[in-house]
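Here are my notes on this model, point by point. Please read them with the structure open.

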Amino acid sequence: MSKSIIQTDDAPAAIGTYSQAVKAGSTVYLSGQIPLVPSTMTMVSDDFSEQAVQVFENLKAVCAAAGGDMSHLVKVNIFLIDLGHFATVNEIMAKYFSQPYPARAAIGVSQLPKDAQIEIDGVMVLPE
């Protein structure tokens with residue numbers, strides 16, 4: 001099985017000791033994305049909806065860099081500092097996915113990097 005590192009300038013650069021994604025065989029493991037604008041590495045805004053959209057756009061860019069798209073995601077984990085935003089996440093997620101939807105977990109956390117309100121990671125399987 002081959003292993004390769006996925007990197008794109010269309011998503012925020014890693015801000016620690018990790019890669020944007022790692023491809024092992026046909027499976028791609030996407031690191032968590034927060035709502036940083038790739039070109040400036042600053043938070044998109046304080047608005048939750050704008051943060052959620054930016055996170056999905058960042059994930060979309062990493063998926064593309066790995067040779068896939070959002071439809072290839074089989075599992076996503078959504079980390080929220082306020083589970084009250086769950087309905088908003090569902091609305092925004094529906095714009096990026098169609099059925100069959102990926103498996104998903106939504107987890108309430110006390111804090112995220114750079115005081116983000118949302119972070120999402122995922123697992124993608126590329127067609128063989």
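1. A residue counts as buried here when its relative accessible area is under 20%, and as exposed when that area is over 50%. The model is predicted. By that cut-off, α1 has Phe48, Gln51, Ala52, Gln54, Val55, Phe56, Asn58, Leu59, Ala61, Val62 and Cys63 buried.

2. Take Asn58, which sits in helix α1. Asn58 has a relative accessible area of 0%, so it falls in the buried class. What does Asn58 contact, leaving aside its neighbours within four places in sequence? The partners are Ala11, Pro12, Gln33, Ile34, Pro35, Leu36 and Pro38.

3. The ends of α1 deserve a look. Asp47 caps the N-terminal end, with a side-chain oxygen 3.2 Å from the backbone nitrogen of Ser49. Just after the helix, Gly67 has a positive phi of about 95°.

4. The length of α1 checks out. Its 18 residues, at 1.5 Å a residue, should span 26 Å, and the end C-alpha atoms are 26 Å apart, so the two values agree.

5. Now the sheet. Six strands form an open sheet in the order β1-β2-β3-β8-β6-β7, and the pairing is mixed. On average, neighbouring strands are turned by 15° against each other, direction ignored.

6. Which residue of β2 is the bridge partner of Ser4? Lys23 is that partner.

7. Helix α1 (residues 48-65) lies across β1, β2, β3 (27-33), β6 (73-80) and β8 (118-125), at about 25° to β8. Helix α2 (residues 86-96) lies across β6, β7 and β8, at about 150° to β6.

8. In α2, Val89, Ile92, Met93 and Tyr96 are buried. Seen down the helix axis, these buried residues fall within an arc of 105°, so they line one face. An α-helix has 3.6 residues a turn, so residues three or four places apart point the same way. The buried residues of α2 pack against α1, β6, β7 and β8. Glu91 and Lys95, on the other side of α2, are exposed.

Definitions and conventions: Residues numbered from 1 in each chain as written. Predicted model: local features only at pLDDT ≥ 70, side-chain atom pairs only at ≥ 80, totals over all residues. Heavy atoms only, no water. Pairing = 2+ DSSP bridges. Helix = DSSP H or I, 4+ residues; strand = E, 2+ residues; numbered from the N terminus. Axes fitted to C-alpha atoms, helices over the stretch in contact; angles between N-to-C directions. Contact = heavy atoms within 4.5 Å. Expected span 1.5 Å × (residues − 1). Buried < 20%, exposed > 50% of the residue type's maximum accessible area, 1.4 Å probe, protein only. Polar contact = N/O pair within 3.5 Å; in protein donor to acceptor, adjacent residues only side chain to side chain. Arc of directions from axis to C-beta.
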